[in-house]
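Trainee: I would like to learn how to read salt bridges and chain interfaces. Could we work through an example?

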Amino acid sequence: SQPEEELSSLEKIKENDVIRIGVFGDKPPFGYIDENGENQGYDIYLAKRITKDLLGDESKVEFVVTEAANRVEYLQSGKVDLILANFTVTPERKEAVDFANPYMKVSLGIVSPDGSVITDVEQLEGKKLIVNKGTTAEMYFTQNHPDIELIKYDQNTEAFNALKDGRGDALAHDNTLVFAWVVENEGFTTGITELGNQDYIAPAVQKGDTELLNWVNDELKKLGEENFMHKNYEATLKPVYGDTVDPESVVVEGGIVE
Amino acid sequence: MQDLGVRVLFQGINMQRLLGGLLITGRIALVSIILSTVLGIAFGLLMLRKNKIINILCRIYLEAIRIIPLLVWLFIFYFGVTKAFRIHLDGEVVCIIVFTLWGTAEMGDIVRGAVTSLPVHQKESGKAIGLTDLQIYRYIIIPQAVRRLVPAAINLATRMIKTTSLAVLIGVIEVLKIGQQIIESSILKTPTASLWVYGFIFFLYFIICYPVTIFSRKLEEKWQS
Amino acid sequence: MGVEDQKPLLQIKNLHKKYDDLVALSDISLEVHSGEVVVVLGPSGCGKSTLLRCINGLEEIQSGEILLDNKIINLDKTQWHQIRQKIGMVFQSYDLFPHMTILENVLLGPIKVQKRNREDVIKEAKQLLERVGLIDKIDAYPRQLSGGQKQRVAIVRALCMNPEIMLFDEVTAALDPEMVREVLDVMLELANQGMTMIIVTHEMAFARAVADRIIFMDKGKIAEIASPEEFFTNPNTERAQKFLNTFSFDNERSNNK
Amino acid sequence: MGVEDQKPLLQIKNLHKKYDDLVALSDISLEVHSGEVVVVLGPSGCGKSTLLRCINGLEEIQSGEILLDNKIINLDKTQWHQIRQKIGMVFQSYDLFPHMTILENVLLGPIKVQKRNREDVIKEAKQLLERVGLIDKIDAYPRQLSGGQKQRVAIVRALCMNPEIMLFDEVTAALDPEMVREVLDVMLELANQGMTMIIVTHEMAFARAVADRIIFMDKGKIAEIASPEEFFTNPNTERAQKFLNTFSFDNERSNNK
Amino acid sequence: MDFTDVPFIIKSIPLYVEAMKVTLVIGLLGIVLSLLLGLLCSIITYYQVKGLKRIVAIYIELSRNTPLLIQLFFLYYGLPQLGIKLESTTCAIIGLTFLGGSYMAEAFRSGLEAVSKTQIEAGLSIGLTNPQLIRYVILPQAIAVAIPGIGANAIFLLKETSVFSAVALADLMFVAKDLIGMYYKTNEALLVLVIAYLIILLPMSLGITLLERRIRYAGFGR
Ligand SMILES: Nc1ncnc2c1ncn2[C@@H]1O[C@H](COP(=O)(O)OP(=O)(O)OP(=O)(O)O)[C@@H](O)[C@H]1O
Ligand SMILES: Nc1ncnc2c1ncn2[C@@H]1O[C@H](COP(=O)(O)OP(=O)(O)OP(=O)(O)O)[C@@H](O)[C@H]1O
Ligand SMILES: [Mg+2]
Ligand SMILES: [Mg+2]
């Protein structure tokens, strides 16, 4: 990355004794801020463990709250060392950042109000679909269904609020997120549970930062041996999903996909 | 349960967090205002120089800052500059840089306006009682220019305070962002949270800016001769 | 007083002054003796203000000499602020400093320029303000005064520097008639006390009353120098005649009055 | 002209006018006959302007009657704009409309208020402007004119409404001396042509020359009514005497002149 | 520093053109409504209309002492809780008008105050009726004086439209953020954004400067 820098990124993190990790602040249960102002969620659970293994103490992490559309920028401009913000691996993104091995599976889900549930993409013709800027949902619909009108928001909160306020007919987002939201919001149904390809969510580092990348991959492998991601699921997602979701359809253990 | 919505402001440490966010907002505003005042006075004096090239350069700077929306400047510095030069700039730092660049331009223009609007005969009657050029500045021009510019400068300060709200759009965790986080985490229990939280922040800005506005108006009335 | 046998206090020799291409003053020569009151008359734009401004160094001149106490004063630009202490000047516009009280306005010169003792100056300032009837306005600000009061303070401000000569440039032109009188009375009193003065005015009755000598200017030149009696009853030049006519209205009404 | 045997053109009976608690005019009664020129004199603040403003309906009065052509005009507020057509007024400040040319300024009243034929009015306006020597300024804007020229246009603007009486309120007070004369000359000519006028002025020589009658006011009352000769040579009241003294400077200089 | 992805820039131009229309439409609508609201407020203040005068005063203080972004969030996310749901376009126009009205009122007020009392009396004394007085004397002068202020406000309001991207209005700023989020061409997106704003604002600013200069130097000319 920075040629004039003698220290490698990993050494620099250790030197500073702090790692800056970009996470979501408004995407429960993956990355959000609780009422005490603490970062919480599936991504955060992993981030804390990574910090502990790297720097010896999980409090040495500095969480940087990002928005969907910011994540690449944050890495590229060096505002964060690592992104753990529900970052789906896509070809475009691969050109901009380096992804480590995945820790989660995802595809798109579409949620709509109970009265007029959308169960097929065709039904969206002529209707308004809410998406988040810079998400896979936005890209999927921009590329595959350019004629569906999209209403775009910067932040998840705004997007889901807009759905509740009836500013659109449905909302497309990662199915993992949609599942959780529906559980807590009566009157809405995930009419389409899997749309597009099965995608993977992975940590991302700055392009060319192979040292940190390799370290993260090794770390994921080691964590797989102790089934860490399942523990993470139990702690952060289970309380929300209950039994409505099969853990195996979400969790990727050890960075390995079958 | 609308009437209970206001409770969201007092749940947990919400109020503390909001006020903490306000502190960040205030810090950005204060630092920018102080820097703008100092640099703006220098810039204003620079503009008063009778040098063509300096004047043109100052003009270009002033117009460039004025014509491009501040939000665009924030983005240029936050994403463009940091990416182009591969340097890490914190959102708060970017805000301070951009607001200071803006404030300096505006303050400079206020200073220039205050000095040039003084009637010529003030200077001449200073000369006529034998004051040296330096004394004319010290006893006649500066005190009167200050009276003319202080109200405008205070007015600029309130504009800068209001503009800090843009910081949220480049991800600074200030009062508005914290407000959004509170809305997010209480949306299930308190559906009217956004009404109350945004209303409260609206009110916060008002009670900070309004007294300052009143103060500058009073000062203006007092110093108008 | 026999002023003629003394050396003149102020001497102007062959003064030329241009604004860019416009000749404002050409070949002006003039002597003013100590205690003398010279009134300068002439149509608008003839160069009266310019003359006073040159004497006070507010305008640069192209050629000629200005001598005060037999010393040339127009050589060194940097010394003007010292010479100006000896030359008091009052303008048409009320030029008090609006951010200072009346007393502060008067004290500024003596204390900051002449570095005189504050107590002494205050005493003198109060005496002068008393004389012009404004002692009770000492702590007021200029905006609280009428135009006539402001001009009286401006005169005091100049006087308090103990100048050797005073220049007045249409000091009553912007005033209401009653206020004109109160300012002119102050000037008359000064004249009676022997102050050397050059006065530009459009008040003919006053000019006649106060002047020792009248200078009539036209188009940047001195057209006539005369005693007031001579000038007002029987001016030499046709131009002066015409000028004086604009101030009289004899036999103008043709109807049955 | 034998004005006394006609009915007066303007009659003011027991006029009282207050600004809040301040009595500005008290018990003013006055008659002005057709073709008469009345000059109102008096110290500042005595109510001269207020009197003219009341006659023109710019101020409300507390009691009294104002009659024009034997009709009471101060009863119905809503009718003032019709009566004002018959009463021309010119103020001290150059009150031309800055966004209109000279001609447009003059035409506004006759065309918009009196709904007269445009061609006729233009012809009349041009004649009037010719008479005051401003025909070449017809398409100029007020800012391109000197103060004196502006006042002459303001007079033409009022005249072009063919008023029965003209009111002048210190129309030369803000002018340079040369310009004073050009405006006063226009007024003198009007007087000679038999226009009925009430003039407030501080130009004593002019007042004496133009007036058929002098009204001297003091503290909101009419203190003296006299012919100009009488008033200027031998005023009845002490107050008028004192007033006239402020304009003379006899024997003021005590030194060796 | 490479802005070299020219194909990307060309590809994105139609998007910016669309967005520019949105910015312009919202901006101009907001400006026109602000002018109307401002004129109304200034006339209420000028004629000291009882009752309304106080409301106008309160409105002006509220509008001038709070940030547009917060006003907007309150309108867009807060009000639906009270059952008032406004489209983002509506919100933007209301927000801009709420903000702009007070600024325009200020400009008009200074214009009206600049018409001296003697001008009004001069008009009265040639027999003009009140409506005629307003039409021929007061308004032409007041507007001439107010124009520099109005122009500055108009530019200010157009610039303020950039924050509407935060309530999902597809204006210029919105498109730039969108492109950055999807394709990570930050420099290119920002470059085109700046150019787009310059295309709108430069002519406007130049025009206003010229107008202002003409009023200042030519006085009240044609
Ligand atoms: N700063 C200046 N620049 C250029 N020309 C000037 C300047 N000041 C005065 N003039 C011109 O010089 C000439 C003399 O002007 P001056 O002010 O001395 O006349 P004045 O006799 O004082 O007239 P007034 O009675 O109107 O005050 C005039 O033609 C005037 O236009
Ligand atoms: N609009 C007003 N409100 C209150 N008082 C006023 C107003 N206009 C005039 N006055 C007062 O009424 C009195 C008469 O004023 P007026 O202007 O008629 O005097 P004047 O004789 O015209 O004086 P001047 O010679 O200075 O013009 C003065 O005491 C003045 O202060
Ligand atoms: Mg002069
Ligand atoms: Mg008056």
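**Salt bridges and an interface**

Mentor: In this predicted model, the side chains of Arg217(B) and Glu61(E) form a salt bridge, with N and O 3.0 Å apart. Arg217(B) belongs to helix 8 (residues 193–223) of chain B and Glu61(E) to helix 2 of chain E, so the pair joins two chains.

Trainee: Are Arg217(B) and Glu61(E) buried or exposed?

Mentor: Arg217(B) has 35% relative accessibility and counts as partly exposed. Glu61(E), at 14% relative accessible area, is buried.

Trainee: How many salt bridges are there between chain E and chain B?

Mentor: The general idea is that side chains of opposite charge can pair when their charged atoms come close. Between chain E and chain B the count is 1 salt bridge. The rule also finds 7 residue pairs in polar contact across this interface, both residues at pLDDT 80 or more. On the side of chain E that touches chain B, helix 8 of chain E gives the largest share, 10 residues. That side divides into 22 nonpolar, 10 polar and 4 charged residues.

Trainee: What is the area buried between chain E and chain B?

Mentor: The size of an interface is often given as the accessible area lost when the parts come together. Here the area is about 3,300 Å², and carbon and sulfur atoms give 74% of it. Asn65(E), Ile70(E) and Gln81(E) supply 19% of what chain E buries against chain B, more than any other three residues.

Trainee: Which residues of chain B are linked in a network of salt bridges?

Mentor: Arg66(B), Glu106(B), Asp109(B), Arg112(B) and Arg159(B) are linked in this way.

Note on methods
Residues numbered from 1 in each chain as written. Chains lettered and ligands numbered in written order. Predicted model: local features only at pLDDT ≥ 70, side-chain atom pairs only at ≥ 80, totals over all residues. Heavy atoms only, no water. Buried area = accessible area lost by both parts, 1.4 Å probe. Salt bridge = Lys/Arg side-chain N within 4 Å of Asp/Glu carboxyl O. Polar contact = N/O pair within 3.5 Å; in protein donor to acceptor, adjacent residues only side chain to side chain. Helix = DSSP H or I, 4+ residues; strand = E, 2+ residues; numbered from the N terminus. Nonpolar A, V, L, I, M, F, W, Y, C, P; charged D, E, K, R; others polar. Buried < 20%, exposed > 50% of the residue type's maximum accessible area, 1.4 Å probe, protein only.
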